[in-house]
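Hi,

Here is the structure I said I would pass on. Have a look at it first, and then read my notes below.

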Amino acid sequence: MSAITMRELTKVYPNGVRALDALDLEIADGEFFALLGPSGCGKTTLLRTIAGLETASGGRVHIGERDVTALPPGRRDVAMVFQDYALFPHMTVQDNIAYPLRIKKVDRRARADKAAETADELGLGALLQRRPGQLSGGQQQRVALARAMACHPQVFLLDEPLSNLDARLRLEARTFLKRLQRELGVTTVFVTHDQAEALALADRIAVMEGGRIRQVGTPTEVFRRPANTFVAGFIGSTPMNLVDAEVRDGELVVAGTRLPVPEGVQVTDGEKLTYGVRPEYLDHTAEPASGGLRGRVVVVENLGSFSLVSLDLQPADAPAGDTPGTSLQVVVPEGREPAPGDTGWVVPRPGRSLL
Ligand code: ATP
C-alpha cells in the first residue's frame with residue numbers, strides 16, 4: 001500500500017504566501033499522477049511537502065497507512081528526481097546511482113551490483129564510469145531516475161522531469177518514462193506546467209490554481225468534461241472557446257445566433273451562461289450553414305497540418321462588418337483555409353459543446 005492521502009494540507013511561507021490552501025487529494029497505489037497548473041500555483045510546493053522538504057503549516061500527509069506529516073525526508077520512503085537532476089558532478093554514474101545505498105549503509109559490493117543492475121535496466125550499462133559532465137541531458141535524466149530507483153522507494157516524486165530536454169528528446173523521454181512507470185508500478189507523482197505532457201503521461205491529473213485543486217480526473221475527463229472555465233481554458237493545445245450565451249425560448253443565443261442547448265443540460269429561460277467549444281470541434285464553411293455562427297475571418301495561423309482561424313462573430317441578422325466583439329477560434333485542415341476578411345460559418349459538432 002503506497003497510496004498518498006492529503007487532508008486540508010496548507011503551506012504558508014514565512015513571507016505570508018499561502019502556496020497550499022487546505023488542499024484535499026488522494027493518489028491511488030501505483031498511479032502515475034500529474035500535478036498541473038500555471039506558474040506559481042503551488043505544484044512544486046505540494047511535491048516538496050509530500051517529500052518532506054517543506055514542512056506543512058497545517059493538515060496531514062499519509063503514505064499508505066503511515067502519517068508522514070512530521071517525518072523527515074529520509075524516513076518517508078520516497079525518492080525525488082529534481083528538475084536539474086542534482087547529480088554529484090565529481091562522482092561517476094555508478095557512484096551517483098549507488099549514493100542513496102551508501103547513505104543506507106549497504107555494503108560496497110552489494111551497492112556496486114545494485115547500481116550496475118539498475119543502470120542496465122535504464123540502458124546506462126556502458127556509462128557507469130563516466131561523470132555527469134560527460135553525458136547528454138537525456139542520459140543525465142536516466143541517471144537521476146536510476147538513483148531514485150535503486151532504493152526501491154514506495155513513491156517517486158518527479159519535478160518537471162522533462163523540462164531540461166530539447167523538444168525531440170522530450171518526446172523520446174516521455175515514452176521511456178511512461179513505459180518505466182508501467183513496468184515498475186510505483187506510485188509516481190510528477191509536476192508539469194505543460195498540459196500536453198500531463199495528458200500524454202498521467203493516469204490522472206490534478207489541475208491546480210492558487211494553491212487549490214480545481215479538478216482531478218483522467219486525461220479524458222479533464223479534456224472532455226472540464227469542471228470549470230479555468231480547467232477548460234488551461235487544458236488543450238489550443239484553448240477552448242468560451243463565449244457568453246443566454247437562454248431564450250429553450251434555445252441558446254450566442255452572438256445573436258440561436259443554437260440548440262447541448263444534450264443533457266437543464267437550463268431555464270433568461271439564464272446567462274458560458275458556452276464552451278474546442279477549436280477542434282468546430283467545422284468551418286464558406287457557405288451559409290444552418291446551426292452555424294457567422295463570422296469574419298481576422299487571423300489565419302498556419303500550424304503545419306492544420307490552421308487556427310480566428311473569426312469575429314456577427315449576428316445572423318446584422319449587416320456584414322458589424323461585429324459584436326465575440327471571437328471564436330476554429331481548427332481548419334490544411335488546404336481548406338479561408339483568407340483574412342472572408343465571411344465564414346462555424347458549425348459546432350453535435351455532442352461537443354459545453355455549458
Ligand atoms: P512554477 O511552475 O513556476 O515552478 P509552482 O506551481 O511550482 O510554480 P511553487 O513553486 O509551489 O509554484 O510556488 C507557489 C507560490 O509560493 C508562489 O507564489 C511562489 O512565489 C511562492 N513560494 C515558493 N517557494 C517559496 C519560498 N521558499 N518562500 C516564499 N514563497 C515561496
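Before anything else, one term: two residues are in contact if their C-beta atoms, placed from the backbone, lie within 7 Å. With that in hand, residues 24 or more positions apart account for 64% of the contacts in the protein with a separation of 6 or more. Please keep in mind that this is a predicted model.

The protein has 8 helices and 19 strands, and its C-alpha trace spans about 80 × 45 × 35 Å along the principal axes. Out of 355 residues, 36% count as buried. The UniProt record, an unreviewed entry, puts the feature "domain: ABC transporter" at residues 4–235. Over residues 4–235 the chain is 36% helix and 25% strand, with 25 Å between the C-alpha atoms at the two ends.

Next, the ligand. There are 13 residues around the ligand, and Tyr13, Ala19, Ser39, Thr44 and Thr45 come nearest. Sorted by class, the shell holds 8 polar, 4 nonpolar and 1 charged residues. Which helix gives the most to this shell? That is helix H1 (residues 43–51), with 3 residues. Within H1, the buried residues include Lys43, Thr45 and Leu46, and also Leu47, Thr49 and Ile50. Just after the helix, Gly52 takes a positive phi of about 90 degrees.

Strand E7 (residues 155–159) runs parallel to strand E8 (residues 187–192), and the two are joined over 5 bridges. One of the pairs to look for is Asp159 with its bridge partner Val191 in E8. Strand E9 (residues 204–209) pairs with E10 in the antiparallel sense, also over 5 bridges, and Val207 stands opposite Gln215 in E10. E9 and E10 make a hairpin with 2 residues between the strands, where Gly210 takes a positive phi near 55 degrees.

The other sheet is open too, with 5 strands in antiparallel pairing and the order E15-E19-E16-E17-E18. Its edge strands are E15 (282–285) and E18 (327–333), each of which pairs on one side only. From one strand to the next, the twist averages 45 degrees. E15 pairs with strand E19 (residues 343–348) in the antiparallel sense over 4 bridges, and Leu282 has Pro348 of E19 as its bridge partner.

Most residues other than glycine have a negative phi. Glu8, which is not a glycine, has a positive phi of about 45 degrees. Glu8 sits in strand E1 (residues 4–12) and counts as partly exposed because it has 13 C-beta neighbours inside 10 Å. Asp249 is another non-glycine with a positive phi, this time of about 50 degrees. Asp249 lies in the loop between E11 and strand E12 (251–254). Is Asp249 buried or exposed? Asp249 is exposed, because 7 other C-beta atoms lie within 10 Å and the cut-off for exposed is 12 or fewer.

Last, Glu246, which has its place in strand E11 (residues 241–248). Glu246 counts as partly exposed because it has 15 C-beta neighbours inside 10 Å. Setting aside neighbours within four places in sequence, Glu246 is in contact with Val253 and Lys272. The C-alpha atoms of Glu246 and Leu273 are separated by 6.0 Å, though these residues are 27 apart along the chain.

Happy browsing!

Note on methods: Residues are numbered from 1 along each chain as its sequence is written. This is a predicted model: local features need pLDDT of at least 70, side-chain atom pairs count only at pLDDT 80 or more; totals for chains, interfaces and linings use all residues. UniProt positions are given in the numbering used here, feature names are shortened, and annotations may be inferred rather than shown by experiment. A residue is near a molecule or strand if its C-beta atom, placed from the backbone, lies within 6 Å of it. Ala, Val, Leu, Ile, Met, Phe, Trp, Tyr, Cys and Pro count as nonpolar, Asp, Glu, Lys and Arg as charged, and the others, Gly among them, as polar. Two strands pair if DSSP finds at least two bridges between them. Axes are lines fitted to C-alpha atoms, for helices over the stretch in contact, and angles run from 0 to 180 degrees between N-to-C directions. A residue is buried if 20 or more other C-beta atoms lie within 10 Å of its own, exposed if 12 or fewer, and partly exposed in between; C-beta atoms are placed from the backbone.
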